[in-house]
Amino acid sequence: MEFFFILRLPTSKNQEYLDISKIIFIFAKKINMYSQAEENYLKTIYALEKDFSNEVSTNLIASKIKTKASSVTDMVKKLANKDLVVYKKYQGVYLTELGRLSALKVIRKHRLWECFLVQKLQFNWDEVHDIAEQLEHVKSELLINKLDAFLRYPKLDPHGDPIPDAHGRIILSKSMSISDMKIGSAGTFVGVKDSSATFLKYLNKKNLALGDKIRVIDIEPFDNSYHIETKTHRLVITSNIADNLCLKNVK
Ligand SMILES: [Zn+2]
């Protein structure tokens with residue numbers, strides 16, 4: 001469980017505490033006020049915090065978003081004014097609780113739309129990310145909650161990533177990159193770090209799909225490429241590819 005908040009605020013005599021659903025509603029109202037660009041920054045900072053450290057440098061954000069560091073600084077200051085991030089010059093940025101919750105709301109929408117596109121409209125897993133990038137900015141909470149129910153509350157998106165619930169709770173399961181595995185070890189392929197169409201198309205071509213059991217049979221010392229095998233075939237992948245494939249229950 002990544003986080004779970006319960007706030008207890010004294011209110012009137014009749015009602016001693018504001019209940020959690022009201023607080024979520026207040027957050028939800030605030031969260032819906034952000035622009036598309038602001039939401040994309042929150043999502044990017046959330047991802048970078050997870051991959052690197054708690055404080056993310058503006059240069060790192062600039063390289064991820066593919067923009068100038070000066071534009072990042074301007075945006076980050078704007079986000080800080082809205083209490084979404086804490087920005088310290090020369091040190092970096094980190095999300096506040098409100099920023100984190102807002103990022104998770106966008107991620108929830110993105111991943112639910114990806115499920116909808118694959119399950120209900122029969123898109124392939126390599127076709128949905130870019131469409132979900134557009135759909136994730138839909139404002140209606142009601143629509144997203146109904147979509148969640150319609151899909152029967154899926155826990156994972158088509159790329160194996162966990163979907164936050166309506167309260168912003170997310171269950172992160174432990175997985176390991178192939179690049180961290182030893183020769184002879186094996187596990188179940190459960191997710192990708194890169195969900196771009198080009199990477200997923202590569203996996204299609206190589207006949208690798210979520211749920212496959214993968215074993216490392218050798219590592220080439222010269223270029224760190226990996227010889228792997230599934231139930232049906234053997235292949236060699238580069239260390240970059242190995243780094244982007246996540247496995248669970250590695251033994
Ligand atoms: Zn995606």
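Visitor: When are two residues in contact, and what share of contacts between residues at least 6 apart in sequence join residues at least 24 apart?
Guide: Two residues are in contact if their C-beta atoms, placed from the backbone, lie within 7 Å. This is a predicted model: local features need pLDDT of at least 70, side-chain atom pairs count only at pLDDT 80 or more, and totals for chains, interfaces and linings use all residues. Residues are numbered from 1 along each chain as its sequence is written. Among contacts in the protein between residues at least 6 apart in sequence, the share joining residues at least 24 apart is 59%.

Visitor: What is the strand order of the open sheet of six strands?
Guide: Strands (E, at least two residues) and helices (H or I, at least four) are DSSP runs, numbered from the N terminus. Two strands pair if DSSP finds at least two bridges between them. In this sheet the pairing is antiparallel, and the order is E3-E8-E4-E5-E6-E7.

Visitor: Which strands stand at the edges?
Guide: An edge strand here has a single partner strand, so one side of it is left without a neighbour in the sheet. The strands in that position are E3 and E7 (234-237).

Visitor: Which residue in E8 is the bridge partner of Phe189?
Guide: Strand E4 (residues 186-192) runs antiparallel to E8, and four bridges join them. E8 (residues 245-248) also pairs with E3 (residues 176-177) over two bridges, where Met176 stands opposite Leu247. The partner of Phe189 in E8 is Leu247.
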